[in-house]
Amino acid sequence: MLTAAIIAILVTMALALVRAFLGPTEYDRMLAANSFGTKTVLLIALGGHALSWHSYLDVALLYAMVNFVGTIAVMRFFENRRQDGKEGAGGAS
Amino acid sequence: MLIAIAAIRMRDLFGVVILFGVYSLLTAVLFMDLDAVDVAFTEAAVGAGVTTVLLLSSLRLTRRWEAPPRHNPFFSLLVVGVTGAALVYATLDAPLLGDPSAPVHKHVAPHYLQEAAGEVGMPNIVTAVLASYRGYDTFGETLVVFTAGLAVLLLLGFSENGKSRIETSAIHDQVALKVVVKLLIPLILLYALYVQFHGDFGAGGGFQAGVIFATGFILYDMVFGVENARAVMAVAWLPRLAALGVLIYGGVGVYSMLSGKPFLDYSALSADPVQGQHLGVLLVELGVGITVFSIVLSIFYALSGRRRQS
Amino acid sequence: MTLVLEWTSAIFLLAGSFLCITGGVGLLRMPDFFSRVHAAGVTETLAAPLLLCGLMLQMEWSLDLVKVLMILLFVLATNPTATQAMAKATLIGGQKPLVTESESTKGDSPSNS
Amino acid sequence: MNEIPGLFNYWVVVFLMMAGFYVVISQGNLVKKLVGLGLFQASVFILYITMGNLSGGQAPIVTEGVFIYSNPLPHVLILTAIVVGVATTAVGLALIVRIHEAYGSVEEDEIHALDMADDDTRLQEGAEREESSE
Amino acid sequence: MSLLDHLPILVVIIPLMSAPLCVLVDRSGAAWGVALAAAWLSFGAAIALALTVATSGTLTYQLGGWPPPWGIEYRIDTLASYVLLIVTAMAALVMLFAKQSVPREIPEQSIARFYACLMLAFAGLAGIVATGDAFNVFVFLEISSLASYALISMGRDRRALNAAFQYLVMGTIGATFILIGIGFLYMMTGTLNMLDLAARLPEVSDTRTVRAGFAFLTVGIGLKLAMFPLHLWLPNAYAYAPSAVTAFLAATATKVAVYVMLRFMLDVFGADFSLGDMPLNLILMALGLVGIIMASLVAVFQDDVKRMFAYSSVAQIGYMLLGIGLASATGVGAAILHIFNHALMKGALFLALGAVAYRIGAVTLGDFAGLGKRMPWTMAAIAIGGLSLIGVPPTAGFVSKWYLVLGTLEQGLWPIAVLILIGSLLALVYVWRLIEAAYFGAVAADAPEVREAPASMLVPIWILVAANIYFGINTDISVGAAMQAATMLMGNGG
């Protein structure tokens, strides 16, 4: 049953990756990356258990944290971009 | 692989950075699979975390879109092709993956695996080798970090008043975010301490702990604004703190030298050699942790405190 | 007892997997950013605890269990927050939710080349 | 994934390495160059870790009941190398920020053009000075 | 263990530990004091070390008390002590020079950090020379490179930034190549200790992996030492860095890279493998020659004097590579000798240029007009350094070129000897352009009043100039040590 769950996570990761490639706006990429990160946490937690890796949970916890911090860092990136809107015309419609 | 190709093709640097972070995550998973827990841990904290944050911070200061390529890529492709061919050529005689008869597993490593637990007295052999057998390399590594911090400070310096940053951000004044972050930060710092002192038994150690600790502060800075963060941790003290970390590490070495043992011989620290090793590794990891924490944080401040100039 | 545990765990895992994939498909197929946030955020927030609960039910009682619990709490705390913050940031950043028919959201995106 | 036979892992590494290397030498954008450098280095890390792997091995943390461990030495080396890599990236980023402040651009070609313009003006100044001295 | 036993590590540790101290005191004067003391102490340790090695042979030092293939080992043989002596001596002199020069070029609040970086660069170079562990070379290489990127970027011209970035990219590629090379070696032998590597390599030396590892190491080190087609980063980096930095790096950084090359090629792989089985001797010879001619030609057309001498450095590296490529004890000896002599002359030249820049503010050829009368001591130093660069008899430059020509003639390669002479002639041309401007050029009417450089600058410059002449006349010490080191290197491998 773990295997099934892992496969499901892998499929979702692939879907998220496709979204990250396609864009079209940077917000989509951010979302996809965030979702991808969460899935990685789950993957390590489940996969680590299945393959009995050593201290995989530490890594998973770290990932969960890094993912959150990374997402916030990305969001902070937007703030300035909006003010000098000339260059980052990507998202503003 | 796909990510790498996509990262090359994409001209939106922002996308490149995000994909690079994702790529780091995948690399770390691969490291886990190849039994390199410590490396995966570090790669996750550094590659996916710190590097992404730093790249984004500096992207904020520079331009986001890349100009279309103008060069004929033929020459580069040729160089790359030759190098690649050399690499493939090299792998033809290389031992297979996981082959137990490969020279790497025959010569030096078995000694570590058999003796480290007895000589250094800690189950995590990576930490034992890192901090004791090749402790001097790690001292060098700490100095590399220290040098990098110095270099960044020389180049950028801290902006003198934190007010220079315009505080109308997309995540400014988000109440839910602030509350959650406020709750999380103590947890993160606690976790960093756990990683710092658990390095003897599992994945972790001074470097990773320093990064995580700094991440906590970076998070605080990003959500609550630069003035508040700097009130907690005065900027001027960061380089000194880093120097202190290096001095702790070096001091352990000098102490062992003064007591008649070679540089960084931790057995000089206590009457019982194994006890001394333990104490030495602990102190050394502490030094690494302090240095890394203060350098990572000061690099972040230096990059993020700067105002964009056009 | 073990049988019950196994079955519960299996149910949790299956439900989690299902949600996970649903979220992924939603992330890919939804027409604009806000619906994608919705798809990804909502499913993820439920899928992660489900999967982790399923995992916890399979484990023995040890320090690791506590760690999984911590991951669970962490994900539970950060995920909705991040999703909400993202949506808000996007709204501030100038994206408009797609209310009626799609006209302009895709045209002006010079990002991927 | 451990069953991937023989050398395949190396070849993936080689491919990644070359991708990173290509970015470094062919791209004109300085930020992207740094990302390429990171890619290049990360793939070298994988190379080291690959050679340290031992089939059926466990992570090199002494646990009861486990007798085969992977080689810890490459792990140690790569820990150091990762740190070196991120240090380099940080310094490179700081340089880029300064370059952007000084030139207003992070494209190699544009910077080069600006430099050439600088040289020209400097030569002219020098020539004028020489003329005035004669 | 007495203090004497700790000498190998002291040379490296003193400057290393002084760097955090510089940051802690954070005052320009005090930081200078700390750095100066550290440099001179380290120099003293290097002298003591050289004497010990000369009497009692190769020294080893086990870091952390772990025996070598498991721990890291420091190994000081004749060659290492010789190069250490050069590096520490240059650092000590540059620190004297820096007192006046640095406050002029660096903003006040970063001076302490600047000295810390300088000390780190210095310690990194010393660490590379002293170590006997392949991976440790990489770590210390990175310390010194990172520090030098920062140092170069401190130049006042905005192009210093770009130069530093170019150097960073090239240097990191080089370091990564070295890392790949070391990885392949480790893969095939399972060890990182150089001595152990040398012992275990012959078994596997015909595998393709080792050959590729060899190639990667060569290219990587070639990037670091600015071997001819890979030299693009060097002229800009040297031209725009602050003058104290240029003097220090020009006199030491590439020399240490040459040392690393010698160490790996001849010690680890063995002369038979690298110069016999692999066609490295031909490649090095060809690249060395092309480098000499091309770089000298470019140097002739430079207007910026710093840049001119930077290109001349590329050419001089060509001489060293040529010497190694000759694959004989005389050739390698000449190369080692040239490391020493080139450090002397380039140190003197760049320090003198720094003094000129200190007084005038720029160093284009036009600025030199009439300087012979206005800064007589400085210009005399430049003139003698230039003569040494050309290789005129009573100077040190002559000695190393003489041995180089001797080495080529030994093997009957007289066309190469002719090319060396052509290279010297080109050097004559560019040095002459400078001297002509300085002594025969008319002073511009509106030129500002210029005084002689301050004494604290002249002293280190003239110490180096005196050394140039001394080692040109009394060749026993330098030649003896170089030849001994060369025989050892060739003997070990063959």
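This report describes chains, helices, single residues and a cavity in a predicted model.

## Basis of the model

The structure is predicted, so local features are reported only where pLDDT is at least 70 and side-chain atom pairs count only at pLDDT 80 or more, while totals for chains, interfaces and linings use all residues. Residues are numbered from 1 along each chain as its sequence is written, chains are lettered from A and ligands numbered from 1 in the order in which they are written, and side-chain values use heavy atoms, with hydrogens and water left out.

## Chains A, B and D

Chain A contains three helices and zero strands, where helices (H or I, at least four residues) and strands (E, at least two) are DSSP runs numbered from the N terminus. Its elements therefore read α-α-α along the sequence. Of the 93 residues in chain A, 74% are buried; buried means under 20% relative accessible area, exposed means over 50%, and partly exposed lies in between (1.4 Å probe, protein chains only). A contact is a pair with heavy atoms within 4.5 Å. In chain A, 56% of the contacts between residues at least 6 apart in sequence join residues at least 24 apart.

Chain B has 13 helices and zero strands. Of its 310 residues, 67% are buried. For contacts in chain B with a separation of 6 or more, 70% are between residues 24 or more positions apart. The accessible surface of chain B is about 9,900 Å², with 68% belonging to carbon and sulfur atoms. Chain D has four helices and zero strands, and 64% of its 134 residues are buried. In chain D, 47% of the contacts between residues at least 6 apart join residues at least 24 apart. Chain D exposes about 4,600 Å², of which carbon and sulfur atoms supply 57%.

The expected span is 1.5 Å times one less than the number of residues in the helix. Because 23 of its 26 residues are buried, α2(A) is largely enclosed by the rest of the structure. Just after this helix, Ser52(A) has a positive phi of about 45 degrees.

Helix α14 of chain E covers residues 329–360, and its 32 residues should span 46 Å at 1.5 Å a residue; the end C-alpha atoms lie 45 Å apart, which agrees. This helix is mostly covered, with 29 of its 32 residues buried. Gly361(E) follows α14(E) and has a positive phi, near 105 degrees.

Leu61(A) is located in helix α3 of chain A. With a relative accessibility of 8%, Leu61(A) counts as buried. Apart from neighbours within four places in sequence, Leu61(A) is in contact with Tyr191(B), Met70(C) and Ile71(C). Leu61(A) and Ile44(A) are 17 residues apart in sequence, and their C-alpha atoms are 9.6 Å apart.

Asp77(E) lies in the loop between β2 (73–76) and α3 (78–105) of chain E. Its relative accessibility is 10%, so Asp77(E) counts as buried. Leaving aside neighbours within four places in sequence, the contacts of Asp77(E) are Val53(E), Thr58(E), Arg263(E), Asp267(E) and Met488(E).

## The largest cavity

Rolling a probe the size of a water molecule over the atoms shows where empty space is left. A cavity is a set of points, on a 1 Å grid over the protein atoms alone, where a 1.4 Å probe fits but cannot get out; lining residues have an atom within 4 Å of a point. The largest cavity holds about 240 Å³ of space, its volume being the space filled by probe spheres set on the points, with grid points joined across faces, edges and corners.

The lining of the largest cavity has 16 residues, and Ala33(A), Asn67(A), Gly70(A), Thr71(A) and Ala48(B) lie nearest its centre. The elements giving two or more residues to this lining are α2 (26–51) and α3 (56–83) of chain A, and α2 (13–33) and α3 (37–61) of chain B. The most is given by α3(A), with six residues. The lining comprises nine nonpolar, seven polar and no charged residues; Ala, Val, Leu, Ile, Met, Phe, Trp, Tyr, Cys and Pro count as nonpolar, Asp, Glu, Lys and Arg as charged, and the others, Gly among them, as polar.

Notes: Accessible areas come from the Shrake-Rupley method with a 1.4 Å probe; for residues, only the protein chains shown count as cover. On a 1 Å grid over the protein atoms alone, a cavity is a set of points where a 1.4 Å probe fits but cannot get out, and a pocket is an open set with protein on both sides within 12 Å along at least five of seven lines; lining residues have an atom within 4 Å of a point.
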